[in-house]
Amino acid sequence: MPEHPILQSDPIAHTRSFPQLTESNEAFWTSGASGNWKLPHCSLCNRYIHPGQPRCPYCLTNTVTPKGVTGLGNVFTYTINRYPWSEGWAVPYVAAVIELDDQPGLRVTSNLTAIDPEEVHIGMRVEVCFVESSGRWVPLFRPAGTGK
Ligand SMILES: [Zn+2]
């Protein structure tokens, strides 16, 4: 199992809001605490499902349980936010869609950290890292190989 790093503070210093934890999204938001990120996975058709839901949208069974992911992927697309939409937001910051190596089309939306926003590009290799906030372990992404 990969050991995904946990950051000491949130580098994207704006207020985050979170959904209520449910059986379907709990692994996404809390498994980072162990350093091993997990996403919902259908054991029957062997596919990850994100966002999580009780039934597999492919085979319609309820054989969905959390399974570890590599935490590695590519920037699929991104945008740089330069405007502080709310007090306390640190700008600029990058919002990105990451396609994970674990399955074609498995994409998560997150923030990039540990990089100058002007250096971000589509296709760049990234790895997950986590920061704790309000009982959630927020998955963020940084350039792959940034190191522990
Ligand atoms: Zn399935």
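This is a predicted model: local features need pLDDT of at least 70, side-chain atom pairs count only at pLDDT 80 or more; totals for chains, interfaces and linings use all residues.
Colleague: Let's start with the overall layout: in what order do the elements of the chain run from the N terminus on?

Modeller: Happy to begin there. The secondary structure of the chain comes to 1 helix and 8 strands. From the N terminus on, the order is α-β-β-β-β-β-β-β-β.

Colleague: What share of the contacts between residues at least 6 apart in sequence join residues at least 24 apart?

Modeller: As background, 25% of the 148 residues count as buried. Turning to contacts between residues at least 6 apart in sequence, the share that joins residues at least 24 apart is 55%.

Colleague: How far apart do the C-alpha centres of the two domains lie?

Modeller: The domain assignment gives domain 1 as 20–69 and domain 2 as 70–143. Between their C-alpha centres the distance is 20 Å.

Colleague: Which elements each supply at least two residues of the side of domain 1 that touches domain 2?

Modeller: In this contact, 9 residues of domain 1 meet 12 residues of domain 2. By class, the domain 1 side has 5 nonpolar, 3 polar and 1 charged residues. The elements that each give at least two residues to that side are α1 (26–30) and β2 (47–48).

Colleague: Now the open sheet of 3 strands: which are its edge strands?

Modeller: The order in this sheet is β2-β1-β3, with antiparallel pairing. β1 and β2 pair over 2 bridges, while 5 bridges join β1 to β3. The strands that pair on one side only, and so form the edges by that pairing, are β2 and β3.

Colleague: Which residue of β3 is the bridge partner of histidine 41?

Modeller: Histidine 41 has a bridge partner in β2, namely tyrosine 48. On the β3 side, the partner of histidine 41 is threonine 65.

Colleague: How many of the 5 residues of β1 are buried?

Modeller: To count as buried, a residue needs 20 or more other C-beta atoms within 10 Å of its own. β1 is mostly covered on this basis. The number of its residues that are buried is 4.

Colleague: Is asparagine 46 buried or exposed?

Modeller: Asparagine 46 lies in the loop between β1 (38–42) and β2, and that hairpin has 4 residues between the strands. Its phi is positive, about 60 degrees, although it is not a glycine. With 11 C-beta neighbours inside 10 Å, against a limit of 12 or fewer, asparagine 46 counts as exposed.

Colleague: Where is alanine 114, the other residue I noticed, found?

Modeller: Alanine 114 has a positive phi near 60 degrees and is not a glycine. It is partly exposed, with 15 other C-beta atoms within 10 Å. Its place is the loop between β6 (107–112) and β7 (125–133).

Colleague: In which loop does proline 92 lie?

Modeller: The peptide bond from valine 91 to proline 92 is cis, with omega near -5 degrees. A cis bond also leads from histidine 50 to proline 51, where omega is near 0 degrees, and proline 51 lies in the loop between β2 and β3 (64–68). Proline 92, for its part, lies in the loop between β4 (72–81) and β5 (93–100).

Colleague: Which element gives the largest share of the largest nonpolar core?

Modeller: That core has 21 residues, and those with the most contacts inside it include Ala96, Ile98 and Phe130. At least two residues come from each of α1, β5, β6, β7 and β8 (136–143), and at least three from each of domain 1 and domain 2. The largest share, 5 residues, comes from β7.

Colleague: Finally, which residues does leucine 112 contact, leaving aside its neighbours within four places in sequence?

Modeller: Leucine 112 is among the core residues with the most contacts inside the core. Beyond its neighbours within four places in sequence, its contacts are Tyr78, Val94, Ala96, Val120, Val126, Phe141 and Arg142.

Definitions and conventions. Residues are numbered from 1 along each chain as its sequence is written. Domain bounds come from an automatic or database domain assignment. Two residues are in contact if their C-beta atoms, placed from the backbone, lie within 7 Å. Ala, Val, Leu, Ile, Met, Phe, Trp, Tyr, Cys and Pro count as nonpolar, Asp, Glu, Lys and Arg as charged, and the others, Gly among them, as polar. A nonpolar core is a set of buried Ala, Val, Leu, Ile, Met, Phe, Trp, Tyr and Cys residues joined through C-beta atoms within 7 Å.
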